[in-house]
Amino acid sequence: MISITHDIHKSFDANPPQETRGLFLDISKAFDRVWHKGLLYKIKNFGIEGKLFHLIESFLSNRYQRVTINGQSSPWLPIKAGVPQGSILGPLLFLLYINDLPEGLHCNVKLFADDTAIFSTVNTPTETANELEHDLLKIKNWAIQWKMLFNPDATKPIKEIIFSKKNIKRDHPDLFFNNVQIDRCSDEKHLGLILDEKLNFKKHIDEKINKAMKIVGTIKRLNSVLSRFSLITIYKSFVRPHLDYGDVIYDQPNNQSFADKIESVQYNAALAITGAFRGTSKIRLYKELGFESLKDRRWMRRLCYFRKIFYTHSPSYLFDYLPSRTISQRYPNCFNSFNCRTVSFQNSFFPHSVNQWNQLNPEIRNSTSLHIFRKGLFRLIKPLENSIYNIHDPLGIKLLTRLRLEFSQLRDHKFRHNFQDTLNPMCTCSLEPENTSHFLLHCHNHNNPRITLMSDLSTIDPSICFLNETYLVHLLLFGDKKYDLATNQKILKATIVFLKESSRFDEGLF
């Protein structure tokens with residue numbers, strides 16, 4: 001998919017910009033249609049003989065199947081086609097069977113299992129149409145020869161997209177396959193990624209955001225019963241993967257509105273996990289949970305995949321897309337930059353990754369393994385999570401988190417967030433602004449629960465009550481790594497008891 005989108009972006013970057021015609025074909029019941037005799041013939045042509053050939057032949061032969069419904073079974077029938085699905089050899093045998101499909105085709109062909117994509121950059125509409133018609137005829141003859149079927153189902157016909165950023169598109173001759181006119185559409189889902197005419201991926205992003213936000217809604221309903229750890233696990237397992245898939249391709253690094261649209265999903269998820277109020281600082285919220293921004297995450301994932309290509313840990317043909325390396329002992333393992341005319345090409349995978357790769361700290365760029373490389377990037381983008389020390393008290397942790405984030409019902413917090421019903425930050429006790437420090441340590445309205453708090457702290461460690469005010473407030477909210485887990489749990493639990501007994505947060509924001 002990276003190679004497909006790179007070629008299309010490159011055609012957009014040409015002078016003048018060019019169009020690309022893309023066809024998407026699907027083999028019907030691909031794994032079930034592998035003709036055994038044909039497969040064995042091709043295996044021999046690959047030079048596989050002797051015992052290994054007979055082992056594969058035995059693996060495919062003497063297989064039978066029947067159907068059982070409500071206790072009634074059909075007769076056993078021999079299986080003369082198909083590779084055993086779920087086996088280790090199955091996918092490999094299928095790839096051997098279709099490996100010769102691109103032979104003799106004029107256009108750019110990409111195969112992935114049973115999905116076939118054909119692309120041709122348009123010089124003239126007639127010339128490109130002739131090339132595609134030639135290739136479609138070759139594919140049709142190949143399918144007949146090897147007993148395969150392409151898109152026979154009316155619900156899954158061949159689709160065509162004309163990729164172009166021209167405001168006025170040229171007329172292109174219609175194409176036919178098996179005497180059926182090929183449908184021309186504005187977008188097509190290929191390998192889970194929705195490709196559209198301009199490659200702006202708007203429809204893909206909208207679909208993924210809608211799916212992700214439904215699960216964020218579930219997290220919000222569960223945050224009163226599940227621990228923070230469980231909620232974060234749900235987010236990372238069922239929400240973020242929707243946005244991670246294909247991100248190295250669809251990312252638009254210098255498009256802030258695009259980044260904000262995607263980032264809103266993680267921000268909403270973070271609010272649902274913590275119970276924080278909308279309007280809370282994103283930076284504070286992400287630090288609380290230890291979340292890197294999705295924009296930084298896409299940057300990291302692009303560079304990780306680029307490193308795989310550079311060290312040939314990905315399909316070898318992707319290495320051919322890399323530009324030549326710079327001749328410099330001072331900057332080893334760097335590449336010459338692409339010449340880009342358009343922003344879309346500049347932000348596409350290879351040009352953007354090359355520029356970012358060259359800017360990396362040499363120590364990270366020259367890491368001896370992908371694991372070390374990824375850790376080095378994570379250190380740059382991932383904040384250190386504020387621990388809650390395995391405390392399972394959803395309401396108490398929610399109240400504590402709001403104080404940590406400096407956005408709660410306290411008047412100073414509401415005043416700084418421009419609430420219309422809070423014209424000044426002064427506490428009702430009229431002594432000073434009702435900020436976190438005043439609420440925890442000084443406010444006369446909460447003397448009784450504070451006595452209990454200080455008594456509990458003295459029991460944990462007598463020296464705590466004599467600490468300076470700034471550090472004491474921080475200790476009550478965040479704990480301290482110099483204490484062990486049990487001690488930090490006791491400190492935070494004592495703070496949570498105070499928050500609940502004060503009843504200060506029982507009322508809503510308005």
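1. Helix H16 is mostly covered: ten of its eleven residues are buried. Buried means under 20% relative accessible area, with a 1.4 Å probe and protein chains only. Among the buried residues are Pro394, Lys398 and Arg402. Helices here are DSSP runs (H or I, at least four residues), and strands are E runs of at least two, numbered from the N terminus.

2. The model is predicted: local features need pLDDT of at least 70, side-chain atom pairs count only at pLDDT 80 or more, and totals for chains, interfaces and linings use all residues. Residues are numbered from 1 along each chain as its sequence is written, and side-chain values use heavy atoms, without hydrogens and water.

3. How do H16 (residues 394-404) and H21 (residues 485-502) cross, and at roughly what angle? Their axes come within 9 Å and cross at roughly 90 degrees. Axes are lines fitted to C-alpha atoms over the stretch in contact, and angles run from 0 to 180 degrees between N-to-C directions. The two helices are therefore roughly perpendicular (65 to 115 degrees).

4. The contact (heavy atoms within 4.5 Å) includes Leu399 and Leu403 of H16 and Leu492 and Ile496 of H21. By class, it has eight nonpolar, two polar and two charged residues. Ala, Val, Leu, Ile, Met, Phe, Trp, Tyr, Cys and Pro count as nonpolar; Asp, Glu, Lys and Arg as charged; the others, Gly among them, as polar.

5. After H16 comes Glu406, whose phi is positive, near 60 degrees.

Key
Angles under 35 degrees count as roughly parallel, over 145 as roughly antiparallel, 65 to 115 as roughly perpendicular and the rest as oblique. Buried means under 20% relative accessible area, exposed over 50%, partly exposed in between (1.4 Å probe, protein chains only).
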